[in-house]
Amino acid sequence: MPEPTVFLDRKFPIVSIIRPTESNDPAQDAVKALTADGLFTGQSADFFAGATALAQAADAAGHKH
């Protein structure tokens, strides 16, 4: 359900945020889940390579606490 993004900035509109809560690699898991749901149907191999690379970089950055 869409909710205000008060944790980011109250000026942002109501949105739905996809954020896995129990994962070692949440960005990669989100890409996998959205792909399995068919959201990216018809996208090129380059798209998937780029999305995967971005997700891996995001997860690596998140592990550097």
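**Exercise 1. The residue after H1**

Task: Find the residue just after helix H1 that has a positive phi, and state the angle.

Solution. Go to the end of H1. Just after this helix, Gly38 takes a positive phi of about 90°. Keep in mind that the model is predicted.

**Exercise 2. The whole chain**

Task: How many helices and strands are in the chain, and what share of the residues is buried?

Solution. Step one: count the elements. The chain has 2 helices and 0 strands. Step two: turn to burial. Of the 65 residues, 12% are buried. The accessible surface is about 5300 Å². Carbon and sulfur atoms hold 58% of that surface. Step four: look at contacts. Take those with a separation of 6 or more; 31% of them join residues 24 or more positions apart.

**Exercise 3. The two sides of H1**

Task: Which residues of H1 are buried, and which are exposed on the other side?

Solution. Step one: list the buried residues. In H1 they are Gln28, Ala30 and Val31. Step two: look down the axis. The buried residues of H1 fall within an arc of 160°, so they line one face of the helix. Step three: turn to the other side of H1. Lys32 and Ala36 are exposed there. Step four: ask what covers the buried residues of H1. The cover includes H2.

**Exercise 4. Gln28 up close**

Task: Is Gln28 buried or exposed, and which residues does Gln28 touch?

Solution. Gln28 sits in helix H1. Step two: apply the cut-off. Buried means under 20% relative accessible area. Gln28 has 19% relative accessibility, so this residue counts as buried. Step three: list the contacts, leaving out residues up to four places away in sequence. Gln28 touches Ala55, Gln56 and Asp59. Two of these names, Ala55 and Asp59, return among the buried residues of H2.

**Exercise 5. The length and faces of H2**

Task: What distance does H2 reach from its first C-alpha to its last, and which of its residues are buried?

Solution. Step one: take the length. H2 covers residues 45-62, which is 18 residues. The helix reaches 26 Å, close to the 26 Å expected at 1.5 Å a residue. Step two: list the buried residues. They are Ala51, Ala55 and Asp59. These three cover an arc of only 70° around the axis, so they lie on the same side of H2. Step three: recall the helix rule. An α-helix has 3.6 residues a turn, so residues three or four places apart point the same way. Step four: find the partner. The buried residues of H2 pack against helix H1 (26-36). Step five: check the face turned away from the buried side. That face carries the exposed residues Ala45, Asp46 and Leu54.

**Exercise 6. The aromatic rings**

Task: How many aromatic pairs are there, and which residues do ring pairs link into a cluster?

Solution. Step one: count. There are 3 aromatic pairs. Step two: take Phe40 and Phe48. Their ring centres are 6.3 Å apart and their planes stand at 75°, so this pair is edge-to-face. Step three: take Phe47 and Phe48. This pair is also edge-to-face, with 5.4 Å centre to centre and 85° between the planes. Step four: name the cluster. Ring pairs link Phe40, Phe47 and Phe48. Phe40 is buried at 17% relative accessibility. Phe48 is partly exposed at 27%. Phe47 is partly exposed at 30%.

Terms used:
Residues are numbered from 1 along each chain as its sequence is written. This is a predicted model: local features need pLDDT of at least 70, side-chain atom pairs count only at pLDDT 80 or more; totals for chains, interfaces and linings use all residues. Side-chain values use heavy atoms; hydrogens and water are left out. Helices (H or I, at least four residues) and strands (E, at least two) are DSSP runs, numbered from the N terminus. The expected span of a helix is 1.5 Å times one less than its number of residues. Buried means under 20% relative accessible area, exposed over 50%, partly exposed in between (1.4 Å probe, protein chains only). The arc is that of the directions from the helix axis to the C-beta atoms. Contact means heavy atoms within 4.5 Å. Rings of Phe, Tyr and Trp (its six-membered ring) pair if their centres lie within 6.5 Å; planes under 30 degrees apart count as stacked, over 60 as edge-to-face and the rest as tilted. Accessible areas come from the Shrake-Rupley method with a 1.4 Å probe; for residues, only the protein chains shown count as cover.
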